[in-house]
Amino acid sequence: MRKLLRRSLIALAGLLVLAVLAVAVGWIVAEVHMDRRYTDVPLTAPPRLAGNVTTGKHWATILGCADCHDQDLGGAVLEDSWALGRLAAPNLTWKRKLYSDPELVRMIRYGIKRDGHGAWVMPSNAFYHLDDQTVADVIAYVSSVPEVDRDLPPTFAGPLARLGVLTGKFDLVTNSIDRRAPRLGSSPRTTRLQQGRYIATVACGECHGTNQEGYPDDGVPNLVVAKAYTLPEFTELMHHGWARDHRDVGLMSRIARARFSAFDDQEIGALKAWLDARPAVATASHPH
């Protein structure tokens, strides 16, 4: 009996050692993945365009800069738990002093920090497609905001976040960017549909994907649902966050009120026209 108990304890101890080793290896593998430096994305000189602060604020609102970095761009803690870890959007009024313009452009379009590390949730999969003027305008706006004296705790990944990395459920956004793809902002936007496609890509791409097909398995709809709305109903959704039956639709309602309420009527009309036309022309390189 004693021998059986002893063998059982030894076996249990061995399993515990193996479990600890597995956790340690998984932790290290996830850390190596997240600590990658993206030396394959060189800095390039920013376009020589004068940025407009007012237009930059307009687009910074739509693109959600204040959603993550707070209304004063002084940064905010977005998540803080033992399981997921801590996600802190940095104080942009401090960070802007550390970045050159080329580094800012790379950060916006590729989600790569000045030291070469990838940003965790910077939606650069959508921002990659921004045109040069919008990038210049956003940088001008960020540069104009008064400095905020706010120190934030460091970001770190908890066990669930690391498990997400290991299983492929979570990855740095920069890894999803096809850097060979034509930048939509570099294409002509002389028609309403071209303008609408651009807006849908850069403003809706963060949640619904740059092709607006959504992620149905995760509860994020294909934006074909916009076809069910009349233009006045769609405007109500964008400006006030109310669905067709005057329902609050959770995250979309909050984002609409905080960000999309900045859209003017022309932008909303162009976006609606593109979403209505998508099934027929979404794959066209130059929609008409």
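This is a predicted model: local features need pLDDT of at least 70, side-chain atom pairs count only at pLDDT 80 or more; totals for chains, interfaces and linings use all residues.
## The largest pocket

The largest pocket has a volume of about 1,500 Å³. Its lining is made up of 43 residues, and those nearest the centre are E206, C207, H208, Y215 and V220. Sorted by class, the lining holds 30 nonpolar, six polar and seven charged residues.

At least two residues each come from α3 (65-69), α9 (192-208), α10 (231-240), α11 (251-258) and α12 (265-281). The largest share belongs to α9, which supplies six residues.

## The second largest pocket

A volume of about 1,000 Å³ is found for the second largest pocket. It is lined by 40 residues, with H69, A89, P90, L92 and M107 the closest to its centre. Two or more lining residues are given by each of α3, the strand β2 (85-89), α4 (92-95), α5 (101-110) and α7 (132-144). The class division here is 27 nonpolar, four polar and nine charged residues.

In soluble globular proteins, nonpolar side chains tend to be buried together. In this model, the largest nonpolar core contains 47 residues, and the most contacts inside it are made by L130, F234, M238, F260, F263, L271 and L275. Elements that contribute two or more residues are α2 (53-63), α5, α6 (124-127), α7, α9, α10, α11 and α12. The greatest contribution, seven residues, is that of α9.

Apart from neighbours within four places in sequence, L271 is in contact with G196, I199, A200, C204, F234, M238 and F263. A second, separate core has 13 residues, including L87, Y128, A157 and L172.

## Cysteines without disulfides

Across the whole structure, a search finds zero disulfides. C65 counts as buried, because its relative accessibility is 15% and the limit for a buried residue is under 20%.

C204, one of the contacts of L271, has its closest cysteine sulfur in C207, at 8.7 Å, and this is too far for a bond. With 10% relative accessibility, C204 also counts as buried.

Helix α12 holds R278 and K272. R278 has a relative accessible area of 7% and is therefore buried. Leaving aside neighbours within four places in sequence, R278 is in contact with N211, Q212, E213, N222, L223 and V224. R278 and L193 are 85 residues apart in sequence, while their C-alpha atoms are 9.3 Å apart in space.

K272 is likewise buried, because its relative accessible area is 5%. Beyond neighbours within four places in sequence, the contacts of K272 are A226, K227, Y229, T230, L231 and F234. Of these, F234 is also among the residues with the most contacts inside the largest nonpolar core, and F234 is in contact with L271 as well.

Conventions:
Residues are numbered from 1 along each chain as its sequence is written. Side-chain values use heavy atoms; hydrogens and water are left out. On a 1 Å grid over the protein atoms alone, a cavity is a set of points where a 1.4 Å probe fits but cannot get out, and a pocket is an open set with protein on both sides within 12 Å along at least five of seven lines; lining residues have an atom within 4 Å of a point. Grid points are joined across faces, edges and corners, and a volume is the space filled by probe spheres set on the points. Helices (H or I, at least four residues) and strands (E, at least two) are DSSP runs, numbered from the N terminus. Ala, Val, Leu, Ile, Met, Phe, Trp, Tyr, Cys and Pro count as nonpolar, Asp, Glu, Lys and Arg as charged, and the others, Gly among them, as polar. A nonpolar core is a set of buried Ala, Val, Leu, Ile, Met, Phe, Trp, Tyr and Cys residues joined through side-chain atoms within 4.5 Å. Buried means under 20% relative accessible area, exposed over 50%, partly exposed in between (1.4 Å probe, protein chains only). Contact means heavy atoms within 4.5 Å. A disulfide is a pair of cysteine sulfur atoms within 2.5 Å.
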